[in-house]
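The report below describes a predicted model.

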Amino acid sequence: MIGIIDYGMGNIQSVRNALERAGTSARIVLQGAELAECDGLVLPGVGAFGQAMANLTAAGMVRAIANRVADGTPLLGICLGLQLLAEGSEEHGWHPGLGLVPGRVRRMRVAPGSHLPHVGWNEARRTPVDDAGLFEGVPDPSSFYFVHSYALDCDPGVVIATTDYDGPVTAAIRFGSVFATQFHPERSQTNGLRILRNFVAHVAARCAHA
Amino acid sequence: MLKKRLIACLLVRDGLIVQSIGFNKYLPIGRPRFAIEFVVRWDVDEILLLDMSAAREGRGPDLALIEMLSRYCFVPLTVGGGVGSVADVRNVIRSGADKVSVNAHALARPGLITEIAEAFGSQCAVVSIDARKDADGTHRVYSDSGRRAWPLTAAEWAAQAQAAGAGEIFLNSIDRDGSRLGYDIDLIREVTAAVSIPVIACGGVGNHGHFAPGILDGGASAVAAANIFQHMEHSTILAKAHLLKDGVDVRLDSQARYANRDFDANGRLLMTDLQTLLDIEFASEHDVL
């Protein structure tokens, strides 16, 4: 069973709908203690970084997520969920993050005349870094739906796809069993659903081995 | 670089998708669920769901309808109709929408735009403008299905909406609505010149050749239509194939790409020989959507 972590930020229902279409049932988890029953985790999110960390802390999620990731439980972060995995973010002052992926979240630098948030369909291009099958069956490059003003600045060895918005922007990462996309796969039509289906398959394969 | 977008505008009246002609005649088409399933499968970039009954009945958004439809929507969903408060926005987003579209409520109280932008981000606040060309040639703003005139030009109101925090302008021409004459390019130009946020052009598309001028001549970031998508198989794929042919950078992921096909004056595919038809690849039944 895949657990969608609900900490009161953003549209949980659309992630659940998309996971169901991708071939799995998902449960919504509200408390850290419930994570022990999940084979895979999805950390979605839309909103401000500081508020998100405060909500995760209040729900007992910070340590629970770290424990499951340390066990090797696959996790998929989406949008703000990708950023929360980092050491911290400079959004509205410095806020420490979950610290599961080395890197820091910074405000995107764009040319005069370009807008933030970076919102709309943009092409993501794969890097040579091993994605453990997350983009399996997805043509390269492919377009995905992005909505964000901050982006993850990290070791290129973690980045599995980048997009371009007045310069390269981290679009997807993998660090061990932790995956994350800056774009919204649940709103990125066929190729977004393929990514979710690949994550679901990754979780299922790990369960079969266990 | 961001792609230009194709948006399907689904007008819902009394629970059914309708075609609108001149803001006063409505032809029922069918249940909204099927329209959403089709256009999502056919590469549409976003959906704008406009509940026309909400304003008429003086009620808020139909959350059960939004929740049901969002189950079939795997592209961004904007919901309009009856959104008059931050509480409405919160409910609509909880029900599965990504953004809201405000029209008459924002004209009556522009602070609503600011409240939405502050609570959910400007990307969530789409301001919908219905404009009609007056006798003196100015594009005036109307609300209440074109019955109420406001002392504002479309460009003036768009600039005010942007200053208040709007993330996008959805611009519809009452004159062109249902006319099949193409977009009012002058109107789109006036508004895109007045704002720096994305403008979505709507109103008047009668064939697939009408989309590209909204972007190439009008300066819009996205093109929308309603009626034309309702009566043709692969309607939104065909529209995108035409946009690509006209030199507009849009996403087209479908395996049915129509790249080497020609269109007639109504934007329909020209008949071709049987082998070409057999060679067109369609997505397999094993695919994810």
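## Helix packing, chain contact and backbone

In chain A of this predicted model, helix H2 (residues 49-58) packs against helix H3 (residues 61-70) at an angle of about 80 degrees, and the axes of the two helices lie 6 Å apart. Because angles of 65 to 115 degrees count as roughly perpendicular, H2(A) is described as roughly perpendicular to H3(A). On the H2(A) side the residues that meet the partner helix are A:Met53, A:Leu56 and A:Thr57, while H3(A) brings A:Met61, A:Val62 and A:Ile65 to the contact. By class, the residues of this contact of H2(A) with H3(A) comprise 5 nonpolar and 1 polar, with no charged residue among them.

The contact between the chains comes next. How many residues does each chain give to the contact? Chain A contributes 29 residues and chain B contributes 35 residues. The area buried between chain A and chain B is about 2700 Å², and carbon and sulfur atoms give 50% of that area. Of the area that chain A buries against chain B, 29% is supplied by A:Trp121, A:Arg187 and A:Gln189, which is more than any other three residues supply.

The elements that give two or more residues to the side of chain A that touches chain B are helix H1 (12-21), strand S8 (118-126), strand S9 (142-148) and helix H5 (189-209) of chain A. That side of chain A has 9 nonpolar, 12 polar and 8 charged residues.

The backbone of chain A also has cis peptide bonds, and two of them are set out here with their omega angles.

| Peptide bond | Omega | Loop that holds the proline |
|---|---|---|
| A:Leu116 to A:Pro117, cis | near 5 degrees | A:Pro117, between strand S7 (103-107) and S8 of chain A |
| A:Asp140 to A:Pro141, cis | about 0 degrees | A:Pro141, between S8 and S9 of chain A |

Where is A:His92 found? A:His92 lies in the loop between strand S5 (88-89) and strand S6 (95-96) of chain A, and its phi is near 50 degrees, a positive value in a residue other than glycine.

Conventions
Residues are numbered from 1 along each chain as its sequence is written. Chains are lettered from A and ligands numbered from 1 in the order in which they are written. This is a predicted model: local features need pLDDT of at least 70, side-chain atom pairs count only at pLDDT 80 or more; totals for chains, interfaces and linings use all residues. Side-chain values use heavy atoms; hydrogens and water are left out. Axes are lines fitted to C-alpha atoms, for helices over the stretch in contact, and angles run from 0 to 180 degrees between N-to-C directions. Helices (H or I, at least four residues) and strands (E, at least two) are DSSP runs, numbered from the N terminus. Angles under 35 degrees count as roughly parallel, over 145 as roughly antiparallel, 65 to 115 as roughly perpendicular and the rest as oblique. Contact means heavy atoms within 4.5 Å. Ala, Val, Leu, Ile, Met, Phe, Trp, Tyr, Cys and Pro count as nonpolar, Asp, Glu, Lys and Arg as charged, and the others, Gly among them, as polar. Buried area is the accessible area (1.4 Å probe) that two parts lose on being put together, summed over both.
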